[in-house]
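Try each task yourself before reading its solution.

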Amino acid sequence: MTLLVQRYAPLAGSPAEALWREGEASYVEAGLARHGAVTAPPPDLIGWSALVDGESAGLQACRLLPEVGEAHGLLSWVRPSFRQRGVFAAIQAKVDADLLAEGITTIRSWVVDGPGAAAMAAAIIARGGAKVGEHQVVTAAGTTVSYHEYLRPLREG
């Protein structure tokens with residue numbers, strides 16, 4: 001397996017934008033999103049996309065806040081056929097290295113209740129993150145969902 005992680009800044013208009021739309025669609029279709037339709041990535045969003053044997057496999061997208069040394073993780077998505085193969089770990093290693101090189105020291109992210117939430121939270125905690133809050137969000141579907149907020153220090157290696 002050949003795995004390559006590429007950075008796109010901005011994410012909008014890049015080859016990785018399709019993964020943004022696919023990942024966001026998973027939340028919209030499950031009724032877990034604040035909005036009722038898939039949106040384009042914001043213009044200030046950057047992303048890291050994993051290619052496995054030349055095929056798009058996963059994405060981490062975030063917004064940088066250099067004034068506070070923080071990145072806000074807005075979407076993490078690995079296509080189901082590529083899960084449990086080290087794709088997300090490879091993306092995270094590249095994200096951490098790139099952001100540390102830019103003076104960003106932490107990443108803030110949200111885990112939305114639903115399928116896979118426990119595994120996402122466990123992955124953040126395993127990398128040194130901690131839960132710092134919880135917000136109740138009314139979704140476009142009219143339900144209330146918990147968004148769990150985590151802060152994780154970035155690390156080398």
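Predicted model: local features only at pLDDT ≥ 70, side-chain atom pairs only at ≥ 80, totals over all residues.

**Exercise 1. Find which ring the charged end of arginine 83 sits over.**

Solution. A charge sits over a ring only if it is within 6 Å of the ring centre and within 35 degrees of the ring normal.

**Exercise 2. Work out how many aromatic pairs the whole structure holds.**

Solution. The cut-off to apply is that ring centres lie within 6.5 Å. Searching the whole structure with it gives 0 aromatic pairs.

**Exercise 3. Describe the largest pocket and its lining.**

Solution. Begin with the volume, about 1,400 Å³. Then turn to the lining, which is made of 43 residues. Those nearest the pocket centre are Tyr27, Leu75, Ser76, Trp77 and Met120.

- helix 1 (17–29), helix 2 (87–101) and helix 3 (117–126)
- strand 3 (55–65), strand 4 (70–78), strand 5 (106–112) and strand 7 (144–153)

Strand 4 provides the largest share, with 6 residues.

**Exercise 4. Decide whether the peptide bond from alanine 9 to proline 10 is cis or trans.**

Solution. Read off omega for this bond, which is near 5 degrees. The bond is cis. To place it, follow the chain: proline 10 belongs to the loop that runs between strand 1 (3–8) and helix 1.

**Exercise 5. Find the phi values of aspartate 53 and glutamine 84, and say whether each residue is buried or exposed.**

Solution. Take aspartate 53 to begin with. Its phi is near 50 degrees, a positive value in a residue that is not glycine. Aspartate 53 is found in the loop between strand 2 (46–52) and strand 3. With a relative accessible area of 54%, aspartate 53 is exposed, given that exposed means over 50%.

Then go to glutamine 84, another residue other than glycine with a positive phi, here near 65 degrees. The loop between strand 4 and helix 2 holds glutamine 84. Its relative accessible area is 83%, so glutamine 84 is exposed.

Conventions:
Residues numbered from 1 in each chain as written. Heavy atoms only, no water. Phe/Tyr/Trp six-rings, centres within 6.5 Å; stacked < 30°, edge-to-face > 60°. 1 Å grid on protein atoms, 1.4 Å probe; cavity = no way out; pocket = protein on both sides within 12 Å on 5 of 7 lines; lining within 4 Å. Points joined across faces, edges and corners; volume = space filled by probe spheres on them. Helix = DSSP H or I, 4+ residues; strand = E, 2+ residues; numbered from the N terminus. Buried < 20%, exposed > 50% of the residue type's maximum accessible area, 1.4 Å probe, protein only.
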